[in-house]
Amino acid sequence: MSTVHSHIRPNAYLFLRLPSDLLKLIEIKPNTIIDTGKLGSFPSNLLLGRPYYYKYEILDKTESEAYSRLRIVPPSELNAEILTEDATPSESRGDPATPTVNGVPEAYDLVGEDGTVVMKNNRLTIDDASRQALSQQEIEELKKSSGGKEIIEKILANHAGLEEKTTFSKAKYTLRKTKKYLKRFTVLPMDMGNLIDYVMVKEAPRIMEMTEESLGLVTAWSNAHYSGCDGIVEKADELCAGGGRWLVIDDTGGLVVAALAERMDLLFRDPEEAQDSADQVNGTATSNRALETFALEVESAQPGANGGLAENGQETTDTPTKATSHLDFPIPARTDTITLLHPAVQPNVSLLKYFGYDTNQPDPLHPLHTHLSTLSWLQLLQPESDVTYREPEHTADHILRTWKSGKRGTYWKKRRRWERCKAIVDDARRGEFDGLVLASNMDPTSILPHTIPLIRGGGHVVIFSPTPEPLVKVMDLYSKERRAAYINHISKEEIPDPVDFPVDPRMLLAPTLQTSRAKEWQVLPGRTHPMMTSRGGAEGYVFTARKVVPLEGGVMAKGNYAGKKRKAVEAVEGGAEG
Amino acid sequence: MSNDVLETTNGQPSPFFHTTSLTEADSLAILHLKRDSLLPLTLRTAADEGYAEGAVTNTRFGSFPHSTLIGIEWGSQVRASKVDTGSRGRKKKETKEQLGPEGGGGGVPVVAVDDPRTRKKRKSDDDLTASELPAKKLKQGASNGQPPVAARVAVEAGSGFIHVLPPTPETWTASLDHRTQVVYTPDYSYILQRLRVRPGSTIIEAGAGSGSFTHAAARAVFNGYSPSLTNKSKRHGKVYSYEYHEPRVATLCQELSSHGLSNIVHLTHRDVCSSGFALSPEHPPPQADAIFLDLPAPWLALKHLARFTADAPLNPHGPVHLCTFSPCIEQVMSTVSYLRRNAWTEISMCEVQNRRIDVRRERVGLKEEGLRGVNASAATVEEAIDRLREVECKLSDYHSNRAAVEVKGEQKKIQSKAERLEKIKLEAETRKLYMEGNLVQRSEPEVRTHTSYLVFATLPRAWGEEDERGAGEMWGVGEVMGGRDKVAVEGGKKG
């Protein structure tokens with residue numbers, strides 16, 4: 001498997017970071033023109049096959065060609081520019097003192113001992129547009145006739161006050177002009193970090209204002225990871241029989257599903273394979289993974305499921321080609337899966353399309369096709385009232401044969417859809433999930449009573465909320481006081497009032513609420529400090545806990561490390577510390 | 001420095017990646033004693049510790065024979081057992097007195113009998129008491145000499161419990177004692193996210209320290225075990241870990257092997273600043289996609305992490321993401337200055353500020369008088385006025401009746417306060433205190449205000465004229481450049 005983002009591949013989604021630092025989302029198709037707006041346009045083929053993370057410059061169009069060409073700004077040239085950027089001030093008031101070896105200035109005083117100003121500062125700077133000798137019109141004409149570099153040089157040459165500026169503000173001025181007149185952009189791959197940056201600017205509520213640091217906490221505490229069985233020799237049967245399953249409730253448009261899928265090796269298709277199958281449309285090149293899964297299916301299929309297909313003389317699973325034809329409603333994989341619970345009829349995981357998985361037209365070879373199962377709350381809690389869960393009418397073999405092929409096809413499609421739905425619902429209701437990840441606008445206290453019992457002992461529970469209040473409520477439901485009261489009821493053989501105890505407070509261990517914020521800094525020689533402004537809005541809170549299996553009846557805590565008084569307290573507070 | 005490659009092979013699935021349906025003997029478990037007090041433990045059926053119950057772990061919440069911990073559902077709450085710790089005779093008299101009747105074994109409050117980290121301690125303990133041991137063994141006679149088959153069935157104690165959890169990088173990190181500064185979950189979760197570490201990635205980590213980041217990175221790159229190089233089509237995730245402190249290497253190596261991570265983590269004893277990252281000749285270079293440097297002077301190691309050097313340890317086919325972890329701003333400035341001069345892009349620096357939040361119910365009011373953990377002042381203006389009236393009333397009563405019932409009244413008043421407190425206490429037992437008061441949240445008492453500064457940077461893949469020519473041939477633009485009308489204008493629709 002080669003690196004996912006080794007180079008820009010056709011039909012991929014990617015970001016162009018424009019000089020304004022805004023990200024522009026592009027789907028790159030071969031033989032098309034990419035229009036960047038202000039910077040101009042260029043053929044997509046000039047980016048295809050090229051590397052990410054480079055700065056590309058849009059060159060001036062030559063007479064003979066219809067579009068501008070691109071140039072990768074070589075690292076050596078960038079270096080030179082970055083080093084001048086080194087001296088880019090933002091808020092600085094003084095000239096840089098001579099930097100020492102590691103870039104810290106030796107002196108920082110603006111005023112000498114006798115009170116005279118020893119360093120150049122901006123005391124005498126005049127902020128006036130008239131200092132620029134070139135008029136806007138002249139600049140506009142320059143833009144037509146000469147390249148970006150020349151414009152900048154001319155603008156700088158015509159600035160009357162440039163010599164009065166401090167080195168820093170001069171550099172800043174140059175940088176501003178560079179950004180304005182050099183048509184450069186950076187190409188960034190589609191990954192979680194860039195996607196968050198992009199959505200956060202455009203429509204933050206769509207991803208519940210989830211920052212990258214919150215997402216990091218969620219994925220780490222969920223313990224989501226690859227749980228495939230390849231390479232396991234010992235205890236393979238036990239470990240592969242339904243391990244690595246996560247239950248997810250996601251109102252972030254699929255961001256959380258994508259992040260978990262990434263951790264579970266389900267998000268990206270093997271790029272080489274994707275290339276192959278794109279070349280041979282619907283060919284026989286089935287991915288290893290799909291085949292693997294399919295083999296599993298065939299082995300483990302319940303008699304009623306795929307076995308039924310085989311009996312009825314329908315296309316069977318002899319060859320990969322035929323296998324592919326059944327991948328429209330595949331029976332979900334048994335390990336390394338994400339089960340998504342959604343409140344509407346269809347799940348909203350639209351962000352997944354940027355990673356090559358569109359739920360409306362799923363790519364049958366994408367790992368998510370067999371490893372992402374979706375079901376509605378109705379299907380989970382009252383499956384018998386769901387249409388898809390109800391078994392479609394069974395038609396006998398000899399009647400089927402008399403049907404037209406189209407009608408027969410529809411019949412089998414219905415059967416396959418039902419089989420998939422039934423497999424998903426039954427699997428979800430069986431429970432034993434390794435973890436629950438919850439990022440929802442729904443009230444968590446209404447979700448937990450239904451989902452906590454589905455998590456296996458030792459499993460992880462992670463809830464994200466942009467604001468603390470919903471999670472504070474959850475913390476309160478699992479507080480040690482409430483748990484002690486609950487245990488007290490039980491040890492007296494009373495049934496605790498479900499109004500006072502919407503959830504069994506003993507079921508979660510070590511409930512913890514936390515929040516993370518990455519504070520950005522500006523790092524420049526002599527002027528290193530936290531950024532002056534940053535994004536406000538929701539902080540993002542993460543609740544974590546482990547599902548446990550409590551002992552029957554009352555439990556007495558014990559602490560034998562301190563004095564008697566402490567000991568008595570411990571005993572009273574009950575199972576306490578959790 | 002030597003190039004000691006400390007890699008062992010281990011065919012077992014790692015307990016960090018695959019959880020058995022029940023707890024099993026010889027597998028790693030985490031005992032959850034209380035919040036932030038976790039104890040890693042390898043469950044044993046037998047031990048030579050001299051307990052009648054076989055292997056026993058003593059904690060401050062009681063003694064736990066491993067027989068009560070094996071073969072149960074993960075996450076189970078387990079009661080402490082009555083274990084005769086006294087007659088084993090390992091303890092010195094003074095520690096016994098300190099610990100009291102329920103004290104743990106071994107002279108420290110918490111001793112994991114089979115925890116690899118404390119095993120060493122235990123051994124030295126053994127050496128110390130070696131001279132007195134033979135005699136005591138003789139005295140104890142049969143019970144000590146018996147094979148574990150005769151282990152006594154554990155008897156439940158009246159109080160004390162723990163929970164048995166399957167291990168995760170988070171619990172492992174939380175259970176670490178501070179061998180070095182530990183990279184905690186708020187930092188490493190963000191770092192791994194920003195470094196784009198995915199299953200199948202290769203990450204370089206230097207120095208490994210206590211192994212907290214190592215475990216998290218191993219989970220992030222894991223995409224199957226690679227016992228051999230038979231399946232070459234799949235690139236298996238690897239952590240190349242370097243550490244120059246030899247005892248730490250030895251400890252970590254043992255831990256990784258007992259955690260079934262030897263196939264995923266390649267640990268090398270090395271000072272990377274002076275010797276670089278190249279492996280022994282028979283190993284191909286790491287081809288790292290991500291680099292994490294937790295070193296005093298990361299810029300010294302960075303010179304070994306350039307493209308175009310002989311046996312460069314970087315993946316030549318993709319971008320390389322870097323994070324350095326430095327507590328001081330001067331280190332950051334030197335690092336950034338080096339990165340700027342050496343073709344790294346996307347340079348940024350930040351620090352992760354993580355707070356844990358305490359949620360509790362705060363009860364305020366006169367009716368709370370005398371109860372624990374409350375504020376017994378008036379909760380409302382009305383309550384305050386009522387109380388003031390009451391006092392006023394009593395005062396005037398007192399003045400008017402002073403002559404008659406001076407002594408009696410005073411007695412009555414004192415009584416009434418005691419009575420009131422008693423009454424409040426009685427009432428409190430029937431009140432649902434867990435649902436009363438204001439639900440409030442605040443930061444936990446101790447906040448880690450600074451861990452380290454994180455410098456991030458990216459090194460794009462090398463791109464030469466030949467690469468450009470190749471891409472140009474594959475994706476020609478001749479047609480497009482010739483006729484403007486032939487192609488649809490893309491873009492703009494999303495941006």
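How many helices and strands does chain A have?

1. Chain A has 20 helices and 15 strands, where helices (H or I, at least four residues) and strands (E, at least two) are DSSP runs numbered from the N terminus. This is a predicted model, in which local features need pLDDT of at least 70, side-chain atom pairs count only at pLDDT 80 or more, and totals for chains, interfaces and linings use all residues. Residues are numbered from 1 along each chain as its sequence is written, and side-chain values use heavy atoms, leaving out hydrogens and water.

2. Of the 578 residues of chain A, 53% are buried (under 20% relative accessible area, with exposed over 50% and partly exposed in between; 1.4 Å probe, protein chains only). Carbon and sulfur atoms hold 53% of the accessible surface, about 25800 Å² for chain A.

3. Contacts (heavy atoms within 4.5 Å) between residues at least 6 apart in sequence were counted in chain A, and 69% of them join residues at least 24 apart.

4. Helix H8 of chain A spans residues 255-263 and is mostly covered, with nine of its nine residues buried. Among them are Leu255(A), Val256(A), Glu262(A) and Arg263(A). Asp265(A) follows H8(A) and has a positive phi, near 65°.

5. On the surface, Lys38(A), Lys172(A), Arg176(A) and Lys180(A) gather in a patch of positive charge. Such a patch joins like charges within 9 Å, from residues with over 30% relative accessible area and no salt bridge (a side-chain nitrogen of Lys or Arg within 4 Å of a carboxyl oxygen of Asp or Glu). Arg176(A) lies in helix H4, residues 167-181 of chain A, and counts as partly exposed because its relative accessibility is 49%.

Key. Chains lettered and ligands numbered in written order. Areas by Shrake-Rupley, 256 points an atom, 1.4 Å probe, with all protein chains shown as cover. Patch = residues over 30% accessible without salt bridge, like charges linked within 9 Å, V, L, I, M, F, W, Y side chains within 5 Å. Lys, Arg positive; Asp, Glu negative; His and termini not counted. Charge placed at Lys NZ, Arg CZ, Asp CG, Glu CD.
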